[in-house]
Amino acid sequence: MLNIIGEDINRKTIKKLNKVYKTALTQTYQNFKLLEVTLEFVRSPQMQELNKRTRNVDETTDVLSFPTLKNIFNKKLKPKDFPLDVNPENNKLYLGDIVINLDRVYSQAQEFEHSIEREMCYLFVHGILHLLEYDHMNELDKNIMRAQEEKILSKLKLIRG
């Protein structure tokens, strides 16, 4: 289940984001029907404040992820294994929150010469992978994460440029 909050997002984009959500989780061997994520859209000032408050970095960024689960990399997620992280209202396992900066979506789409849709979807996939404990702190991890991002985006026919 995908919960989208924050800045107004049109119905077409919401539909696309739901498809990205399902594809990203399926491509990482997760059952999206058992999981829940909140995606929030903000602007640069809110993102800068959030980044400062949560990471002690006083600048804006494009995407932040706030995972609820630990030690899950490459593991098949099941609600029964994380009973304290199951939403009692819908019995879905809560993966965490992703926050995307819409100002950066627009500027980075222009900078990288691809569509706003592609940039938004890329950042969302990036955020989902962080919730699943993918990272890019060293070259090997970065290459693994980038390959997974490209695999998911290719499946969605969201190519660069």
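Biologist: Leaving aside neighbours within four places in sequence, which residues is Ser44 in contact with?
Modeller: Thr60, Asn101 and Asp103. Contact means heavy atoms within 4.5 Å. A word on the source: this is a predicted model, where local features need pLDDT of at least 70 and side-chain atom pairs count only at pLDDT 80 or more, while totals for chains, interfaces and linings use all residues. Residues are numbered from 1 along each chain as its sequence is written, and side-chain values use heavy atoms, with hydrogens and water left out.

Biologist: Where does Ser44 lie?
Modeller: In helix H2, residues 44-55. Helices (H or I, at least four residues) and strands (E, at least two) are DSSP runs, numbered from the N terminus.

Biologist: And is Ser44 buried or exposed?
Modeller: Ser44 counts as buried because its relative accessibility is 19%. Buried means under 20% relative accessible area, exposed over 50%, and partly exposed in between (1.4 Å probe, protein chains only).

Biologist: Salt bridges next. How many does the structure hold?
Modeller: Four. A salt bridge is a side-chain nitrogen of Lys or Arg within 4 Å of a carboxyl oxygen of Asp or Glu.

Biologist: Which residues are linked in a network of salt bridges?
Modeller: Glu7, Arg43 and Asp103. Glu7 pairs with Arg43, with the closest N and O atoms 3.6 Å apart. That pair links distant parts of the chain, 36 residues apart: Glu7 is in the loop between strand S1 (2-6) and H1, and Arg43 is in the loop between strand S2 (35-42) and H2. Asp103 also meets Arg43, at 2.9 Å from N to O. Here the partners are 60 residues apart, with Asp103 in helix H3 (residues 102-111).

Biologist: Why is Arg43 called partly exposed?
Modeller: Because its relative accessible area is 27%.

Biologist: What does Arg118 meet in a salt bridge?
Modeller: Glu150, at 3.6 Å from N to O. This pair joins helix H4 to helix H5, 32 residues apart. Arg118 is buried, at 2% relative accessibility. Glu150 is partly exposed, at 27%.

Biologist: Which residues form the positive patch?
Modeller: Lys15, Lys19, Lys151, Lys155 and Lys157. Helix H1 (11-27) and helix H5 (139-155) each supply at least two of its residues. Lys and Arg count as positive, Asp and Glu as negative; His and the chain ends are not counted. The place of a charge is NZ of Lys, CZ of Arg, CG of Asp or CD of Glu.

Biologist: Where is Lys157 found, and what is its phi near?
Modeller: Lys157 is in the segment after H5. Its phi is near 60°, a positive value in a residue other than glycine. Most residues other than glycine have a negative phi. Asn74 has a positive phi too, about 60°. Asn74 sits in the loop between S3 and S4.

Biologist: Last one. Which residues is Gly127 in contact with, leaving aside neighbours within four places in sequence?
Modeller: Val63, Ser65 and Ile98. Gly127 is in helix H4 (residues 116-131). Gly127 is buried, since its relative accessible area is 0%.

Methods: Patches are made of residues with over 30% relative accessible area and no salt bridge: like charges are joined within 9 Å, nonpolar side chains (Val, Leu, Ile, Met, Phe, Trp, Tyr) within 5 Å. Accessible areas come from the Shrake-Rupley method with a 1.4 Å probe; for residues, only the protein chains shown count as cover.
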